[in-house]
Amino acid sequence: MRKHNPLKPEFQESLLTVGFAINIISVSLFLFLLTPMAFAGEAIKKSPNDDRSYRSLVLPNRLEVLLISDPKADMASASLAVSVGQSHDPFDRQGLAHFLEHMLFLGTEKYPDTEEFGKYLSEHGGFSNAFTGLDRTNYFFNVQKDYLKGALDRFAQFFIAPLFDPEFVQRELNAVDSEHQKNLMDDWRRMYQIMKTTANPKHPFSKFSTGSIKSLKKNDSDYGNIRDDLIAFYKEHYSANRMKLVVLGKENLDELENYVRAYFLEIENRDLKEVANPIPIIEKELLPRKISIEPVKEIRLLKLEFPTPPQHLYYHSKPDTLLSQLMGDEGKGSILSYLKSKGWASELSAGGGIGDKNFSFFDVTVTLTIEGIRHQDEIIQSVFNYIDLIRKEQSLERYFKELKKMAELNFQYKEKEEPSGYVSLLSSELFDVPVKEVLISRYLYDRYDHDKTWDLLGYLRPDNLQVLYASPEVKGSQTEKWYQSRYRIDKISIDQQKKWAKSINKELFLPKPNRFIPEKITLKSKFLDRETPFLIRDKPLLRVWFKKDNQFKVPKGNVQLKISTAKAYDSIENAVMTHLYTRLLDEKLNEFSYPARMAGLNYSISNSVKGLDLAFGGYAENLGTLFEKVIDTMNHLELDQNKFDIAKNKFLEDRKNRKLSKSFHLAMYETYYLLSETIWHDDEYIEAIGHVRFKQLKDFIPKLLKGLKIEMFAHGNFSTGEINKLADYLEKTWDINQATSPEITERLLVMNQGEKLNYRFKVKDNNSTILLYHQAGKSDPRKKVLLDFLSTVMEKPFYNQLRTVEQLGYLVWSGDREQFQVGGFFFLIQSSSKDPGFLRERIEKFQKEFEQKIDSLTQKEFDRFKDSLIEKRRQKPKNLYEETMKYWNSIEDESYDFEFLEKEIAQLEKLTLGDLKKMYGKLFINPETANQLSVYAIGNGHELNGEKNDFIKDVKSFKKSKDFYPNPKGKLNKALYLK
C-alpha cells in the first residue's frame, strides 16, 4: 500500500444536482466546470462540490495569503507556515527551530501574558498547535466562527513582536528536554535518529532535530546566550517573504482580507533568500549498506531506502505515487502476497519517505515474521525482482489512468475537512505548488510521464540502497548519542548486489485491472425527510437503522454493524480466539479487499467485549459486493496452520509491546482496567495466547457465530431497498433466531463518596505518570454539561501552571470523562524529573487554589464559557463520516438518543454560576463527597517518597468486593420507526 511519511502530518479526506448518473470515464469533463474564483492573482481550481469562496493575495510585505470564505462554517481557522525547520538549526544549537516554535506561544509585546492566546481560544471553543518539520514550521489554530478577528490579532503578534521572555527561555528549555525524555523509548524516533546520525555529517539532515538541554545549552550559565541566539535565529529565518498564511472564516472575502491587512502587514519582510543544498544525503561511497538496530520493543522490520532527487516538482504526473501504487500492491502477484505465502512477512508499504526540497527517499518497508528474519536476502531479492518486472513494461500508463480516474472522482465529490487540518495542509503546500493549483494538486494526474517515471525507477538499484533492519536479535556495536540506541553498520558486498540484480521470480506479476473502480455513479433522487436515523427492520436479534444522506450529496455510504455474542469474551481463551479469528479473517480477505481500498471502498473488523464490530464505507455502487464477500468469508473461513502460528506470534508481540508503552498510556490503561467490570488484562492475554491451539480455534468459530444479535446502521447514498437486501443477506447467512447466551454488560465500578483509592505499578520508562480520577456518579445531561464546563474552565490554567510555569512535565492534561454512562474527571502528568507522589500533591494543591478562581469567576466570564459550550453543541458535522459516527455512537451504546445535544443545550441554558461552584466543591474539595482514584506509573529511578496511603494490591479481589453501576439500554419510541 502507499506509505505516507509518518513524520509529516497527513490529513485524510474524510452533486451538483440530485438524481442523475454520470459515467466515470467522463468524470474528467467536470474538471472543465471548476469555477474560477476572483482574486488578486490567478484563478483557483476548486472542486464542484466545494461551496466555499477563495481569494489569493500578496501583501506589500510579500506575505502570500489564501483566504477561504465559508458562510456555513461553525469554526474558523488560520495557519501560518514558515520555510524554516530542523535543517536550519545551527550545529552547536541542535533543536533551535523546534525550541523557537515553543517560545512564540509565550507572550508578545502586544499580549505579554503567556496565557492570553490559549485563554482566548479556550473561552471560545478553540485550540492551537504547531509542528516543526525538516524545512518548514507550521502554526495553526481553531476558534468558534464569531471570534476569528480577535484570534488573528493575537496570532499575528507571534511573527511581529514575540517577547522571548528570559524567564520562560529557561522554563521552556526544560519543556523541550521533557519532550525529548518522553520520546526516549520510542522505537520509531530512535530509528529515525540513527538515520540522521549515519547520514552525511555535512548534510543538515544529520542534526538532532527535537532538541534537549544537552543539545541546546552549552553550559549552566548559557540561558542569556540561548536567548540571544533565539532572537538571531528568528531574525535570520522568519521573514514575511518566507511565509504562507491561510485563513478560513464565515466572513466574506473582503472582510477576511481586511483582517489580514490589519493584523499581518506589520510582519517584517527581511527579503530572505532560500539557499539550495547540493550536498548528498549519504556519501555515495558508503552505499550500499545495512544498518542493524536494537529496538526497545518486539519489532522486526526491514526497510529498503533509496536516495532519490526530490519529487515535489512532479505533482502533475506523480511518478513516485505511481511506483508506490505498484510496489505497495497487496493483491495476487504482489511482493506482499509472495512474502506472506512464504510466511516471511505480515505487512509491506512503499512510497516516498523522508525528504524536503533538496532530497528524498523512496522506501519499501516490510514487517517481518520470526521466520522472515532468516530470509532477509530473499525478501530484498523479491523487491528487486518486482522492480525488474516494472522495468520490463513498455508503459505504465494503464495504472496511471486508474489513479487518474479515482483522483478525479475523489475531487469531484470532495467533502469538507476539519478546518485547522485543512488550513495547515494548504499553508505548507503553498511552498510546493502555485496557488491556482493548491486545492487540486493532490488530485492532479494531468499526464503520464514515462521519462520521469523511468528516471525515478533508475534510482531503485542495489548499489543505491540503504537497508535498515530492526529486531530484538540484533546486537549493536555502536551507540547513538541522543537516544543511546545500539546499532551496527555492514557494507553490502558486490556479489550480493549481483545476486539481487540477476534473479527471476515467476510468482510475481503486476496488478490486473481494478474491477472495483466505479463505472457508474448515481445519486439517489428520493428525498427522505428524516433528520435522524429510523428503523426499517426491528426483530428481536436484528435491528436495522437507516438514514438517507440529504445534506452532503456525495455518492458514498457507510454501514456499521455491532455483532453481539457472549462467546467472544466470556473467558480469556475465547477473547484470545476471537482476536485471532479477526486477524485471520483480515488476512484471508486482504487480497480481495485491497483493490477495493484503492477504489475508495473500505472495511474493517475488530473484536470487542460485546463481540465483533464491522464497518464498511466508500462509494456506494460496489459496497454491497464487498459487504457480501466479507460476511460470506466470516462464515466460511478456512484456516491455515502456518498463518495461525504467525497470527499468534504477532498477537503475543503486540501485547508484550503494550507493556513497554509510555507511562501515561499505561496509567490510562490500568485506570480503565481498575474501573471496568469485564476487561481482561494484558497479562492474562500473554499467559493465555500460548495455550490456544489450531484445532481449538477451528472448533470455536462456529460457536462464535451462532445465536448472534446484530445492530446495523446504514447512512448515505442508499435506498431502503438496498439496505434491506443487505439485511436479508445477513439473515440468510447466519442463524439470527435465538441467542445462545445472555449478552455481556459493560459496567463501571462504584466509588463511594469521600473514598480515596490508590494503585501503583512499575513501568519500563524513564518517565513516571500520575493519573487522578474523580468519579461524579451516574451521568445525565445536566451532569455532562457541568463536567464539560469544568473541563473548559480548568484545562488551560492547569496546563499553564503545572506545565509552563512549574515545568513538571511535557504531558499535562485534564478533562471530563464518561464511561458506561458514568461521569468523571481526570488529571494527568507525565514527568521525567518528578516522582508521581510529588505530582499528585501538586495536582491536589492546584485543585484547592483553583477553587478561589472558580469563586471569583464573574457572571460575564461564566456567560462567555456557557455560550462557547452551547455553540460547540450546535456545530454540524462537516462530512458524511462525521454524521455517521454521531448517530452510530447512540446506536452502538444502545441509548438510541439522537437528541442528546439538544438536551444538553437545554441544560446549559439553565445552568448558573452557583451550579458550577457547587459541582466543583462536591467533586474536588469537600472531603465527604470528593472521591479520588490515584494511579501511579513509576518510571526508572523514581520512587514514591513519603507516600503513606494504602494501595490496592490484588485488583481482581478488589473488584470482586465492589459494586458496579447499572448500564441500562435506551427505549425505542414510535418516532424511530419508518412510517
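**Notes on a predicted model**

1. F820 is buried, because its relative accessibility is 16% and the cut-off for buried is under 20%. This is a predicted model, so the values below are computed from predicted coordinates. F820 sits in the loop between β24 and β25. Look at its backbone too. Phi of F820 is positive, about 55°, although the residue is not a glycine.

2. R62 belongs to the loop between β2 (53–58) and β3 (64–69). Is R62 buried, partly exposed or exposed? Its relative accessibility is 42%, so R62 counts as partly exposed; that class lies between the 20% and 50% cut-offs.

3. One more backbone point concerns a proline. The peptide bond between L287 and P288 is cis, with omega at about -5°. P288 lies in the loop between α8 (253–264) and β8 (289–293).

4. Now the sheet. Five strands form an open sheet in the order β22-β26-β23-β25-β24. The pairing is mixed. At the edges are β22 (756–762) and β24 (811–819), each of which pairs on one side only. Neighbouring strands are turned against each other by 15° on average, with direction ignored. In general, strands of a sheet pair through backbone hydrogen bonds, in either a parallel or an antiparallel way.

5. Where does the parallel pairing come in? Strands β22 and β26 (residues 932–938) run parallel, joined by 7 bridges.

6. Strand β23 has antiparallel partners. It pairs with β25 over 10 bridges in the antiparallel sense. Y773 has F826 in β25 as its bridge partner. Strand β23 also pairs with β26 in the antiparallel sense, over 5 bridges. There, T769 has A937 in β26 as its bridge partner.

7. How many residues of β23 are buried? The count is 10 of its 11 residues, so the strand is mostly covered. A helix lies across this part of the sheet. Helix α28 (residues 913–925) lies across β23 (768–778) and β25 (822–831). The helix runs at about 125° to β23.

8. Step back to the whole chain. The protein chain has 29 helices and 26 strands. Its radius of gyration is 29 Å, close to the 30 Å that the globule rule gives for 979 residues, so the chain is as compact as a globular protein of that length. The C-alpha atoms fill a box of roughly 80 × 75 × 60 Å along the principal axes.

9. Next, the surface and the interior. Of the 979 residues in the protein chain, 61% are buried. The chain exposes about 39,900 Å². Carbon and sulfur atoms supply 49% of that area.

10. Finally, confidence. The average pLDDT of the protein chain is 92, and 95% of the residues score at least 70. Which stretch needs care? Residues 1–41 have a pLDDT below 50. This stretch still has 109 contacts in the model beyond near neighbours in sequence. Where pLDDT is low, the predicted coordinates should not be read in detail.

How values were computed: Residues are numbered from 1 along each chain as its sequence is written. This is a predicted model: local features need pLDDT of at least 70, side-chain atom pairs count only at pLDDT 80 or more; totals for chains, interfaces and linings use all residues. Side-chain values use heavy atoms; hydrogens and water are left out. Two strands pair if DSSP finds at least two bridges between them. Helices (H or I, at least four residues) and strands (E, at least two) are DSSP runs, numbered from the N terminus. Axes are lines fitted to C-alpha atoms, for helices over the stretch in contact, and angles run from 0 to 180 degrees between N-to-C directions. Contact means heavy atoms within 4.5 Å. pLDDT is the predictor's confidence in each residue, from 0 to 100. The radius of gyration is taken over C-alpha atoms; the globule rule is 2.2 Å times the number of residues to the power 0.38. Buried means under 20% relative accessible area, exposed over 50%, partly exposed in between (1.4 Å probe, protein chains only). Accessible areas come from the Shrake-Rupley method with a 1.4 Å probe; for residues, only the protein chains shown count as cover.
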